[in-house]
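Here are a few exercises to work through with the structure open beside you. Try each one yourself before reading the solution.

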Amino acid sequence: MILQNGDKRRKKFLKEGDVLRRMRNTGGGGKGCMAGGIVLLVFAVLLGAPCLFFGFEAALGVGGFFGIPGLLLIVVGKHMQDKKVRNYLNYYKEETGFDEQELQQLEQELMEQDMVMFGNVPYNNPQGATERNPQIACMITRNYFVAPFVMGRSYIRRISDMILAAYSQELPGINGYRQGLVFLSKKDDEAYNNGTLTRDVCMEIIGVLRERQPSLITGQTFVYENRQYNVLTDGPQIAELFRNQDH
């Protein structure tokens, strides 16, 4: 679903600005450590409190057994997450090859009215996304394609570098194939895919990308110079082919 300018769901995601930083702050080992620490603190309370019947020392021993590691995990996790977020610009520079000025341009375009934001409610939905609170599948600005990934990672490419975006029912997955979006740019070493997107969302994304990049290939397979290419298996060769055309 396209979250139009003015949509409350879009406003919620963009309300504080600083989109790249907040995308980087999503998930990660640091948050995992903090979550584990909180669980241990809960165990410390739940198991330590009944031990008061046997004396304060027994309760302190049980509570400390779980509580001290829990506090350490929270402190270590917060340090890890703070460092990750503090260095977010370096992460994006390394991932995209953009300099700081271009990242600022990207940040500005993400807040503009003509940015197109896509929400998604997966068919298989373990995280409980809903129409009111959908996953943010991706954002397409005037010049950039931005797709948040898990663990604070993301896929950011110039639209002018995008080669292919196609709906596929043959994405490799556990216990068979998945369906979703497969995409490739000149800057990639292999094709990327997102198997959580519904077919309708995939087609909306492809349509907007095609509007902004008319030469975009929208099929999983295509023929060039009497050879058939499949982006799922020939991604590196396709990217190299199009990079060579620029020289």
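Two strands pair if DSSP finds at least two bridges between them, and the strands themselves are DSSP runs of E with at least two residues, numbered from the N terminus, just as helices are runs of H or I with at least four. The model is a predicted one, so local features need pLDDT of at least 70 and side-chain atom pairs count only at pLDDT 80 or more, while totals for chains, interfaces and linings use all residues. Residues are numbered from 1 along each chain as its sequence is written, and side-chain values use heavy atoms, with hydrogens and water left out.

**Exercise 1.** Trace how β7 pairs with β6 and with β8.

*Solution.* Start with β6 and β7: they run antiparallel and are joined by nine bridges. Here P172 stands opposite Y177 in β7. Next, look at the turn: the two strands make a hairpin with two residues between them, and N175 there has a positive phi of about 60°. Now move on to β8 (residues 192-194), which pairs with β7 in the antiparallel sense over three bridges. V182 faces N193 in β8, and six residues link β7 to β8 in a hairpin.

**Exercise 2.** Work out the strand order of the five-stranded open sheet and find its edges.

*Solution.* Walk across the sheet and you get β1-β2-β3-β4-β5, with antiparallel pairing. The edges are β1 (2-3) and β5 (154-158), each pairing on one side only. At the β1 end, two bridges join β1 to β2; L3 has M117 in β2 as its bridge partner.

**Exercise 3.** Which residues touch the most other members of the largest nonpolar core, and which element gives the most to this core?

*Solution.* First, the term: such a core is a set of buried (under 20% relative accessible area, 1.4 Å probe, protein chains only) Ala, Val, Leu, Ile, Met, Phe, Trp, Tyr and Cys residues joined through side-chain atoms within 4.5 Å. Then sort by element: β2, β3, β4, β6, β7 and α7 each supply at least two residues, with α7 giving the most, six. Finally, there's another core apart from this one, with 20 residues, including L3, L20, Y91 and L103.

**Exercise 4.** List some contacts of F183, skipping neighbours within four places in sequence.

*Solution.* Contact means heavy atoms within 4.5 Å. On that basis F183 touches, among others, F145, Y155, L164 and Y192.

Note on methods:
Buried means under 20% relative accessible area, exposed over 50%, partly exposed in between (1.4 Å probe, protein chains only).
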